[in-house]
Amino acid sequence: MSGLIAFPTEASAQAPSVDRLYLTLVVVSALIVLLVASLILIFSVRYRKGSKANRGPLPAFFSREIEVGWTLATLLAFLGIFTWASAARLVRLVPPKGALIIRVVAKQWMWKFEHPTGAREIDTLHVPLGVPVELAMTSQDVIHSFYVPAFRTKQDVLPDRITTEWFTPTRLGDFAIRCAEYCGTDHALMSGTVIVVSPSQYAHWANAHVDRNLMARGASAYNHLGCAGCHNANDNRAPRLAGLYGSRVALSNGHTVLADETYLERSILDPRADIVRGYFPLMPSYRGVATSEELSALVSYLKSLKEVQS
Ligand code: CUA
């Protein structure tokens, strides 16, 4: 453990914009504190008991132009900061196309990660340098919050819901992961390490740590949860699943969606969110039925159906 760090390293492409905003706010606040403190000092000397200073009404210029001026200036300054901060935040809501998607499951009191290759790890997270990484996160129990100070990125992790955050690492090395939402006795110990390595080292690592059982567990979940009942070929109650992953799906509301991992997972937890064109909303929700482990195994299995069929 390193000691108290006043200002963590900037290790992601997003960090500088957060720091600029933060430093601007600190400087502006410091200037205002300085101004108010000086006025208090000046006024307490000038208007001390027995002083001969003029205590009459203010000149019109002060009670009109100056009053209106500083009220407007404050309003504009706040609107400006609001626009700046929201713009920076909005940019971070949408991960870039082709980001590396890593699934995160939080539980009391650990972080579990699953890479696209099926490689899994706990409390350490390998990511490639310079590649946008999107985390698709959920919790098995209570609310946690995934926080990497060096990346300036923090996002709540909720049960029964997928939240995402993304970052592009810009420095090799180890960076702390913290849980930033009080989640029980060992909340303070729910930490970990992001290990940023070169893209080739990452590829090597991710292929060396493949969990070959994940797909098999997905296949068995598929059967014991009864998915096969409707989704097998020769049954027209439900859409075919082979080749689904990565395709575009036409919905009954006229929209189309990309069948990515988030879509697959949402369709299992909340089937009525996207009804596929030509089908009835028959499927029950598997929220609370499939565990998060089964979910990630199922998604991995559904993705493999593509690889087999195409
Ligand atoms: Cu998990 Cu605090």
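Biologist: How many bridges join β6 to strand β7, and which way do they run?
Modeller: This is a predicted model. In it, 5 bridges join β6 to β7, and the two strands run antiparallel. β7 covers residues 153-157.

Biologist: Which residue in β7 is the bridge partner of F146?
Modeller: Q155 is the partner of F146.

Biologist: What about the hairpin, how many residues lie between the strands?
Modeller: The hairpin of β6 and β7 has 4 residues between its strands. R152 has a positive phi there, near 55°.

Biologist: Which residue of β9 is the bridge partner of Y147?
Modeller: That is R178. β6 pairs with β9, residues 173-179, over 2 bridges. The sense is antiparallel.

Biologist: New topic. Where is L251 found?
Modeller: L251 sits in the loop between β11 and β12. β11 spans 248-250, and β12 spans 256-258.

Biologist: Is L251 buried or exposed?
Modeller: Buried. Its relative accessible area is 2%, and the cut-off for buried is under 20%, so L251 counts as buried.

Biologist: Which residues does L251 touch, leaving out those up to four places away in sequence?
Modeller: On that count, L251 touches V257, D274, I275, V276 and R277.

Biologist: And A273, what separates its C-alpha from that of L251?
Modeller: The C-alpha atoms of L251 and A273 are 10.0 Å apart. Along the chain, the two residues are 22 residues apart.

Methods: Residues numbered from 1 in each chain as written. Predicted model: local features only at pLDDT ≥ 70, side-chain atom pairs only at ≥ 80, totals over all residues. Heavy atoms only, no water. Pairing = 2+ DSSP bridges. Buried < 20%, exposed > 50% of the residue type's maximum accessible area, 1.4 Å probe, protein only. Contact = heavy atoms within 4.5 Å.
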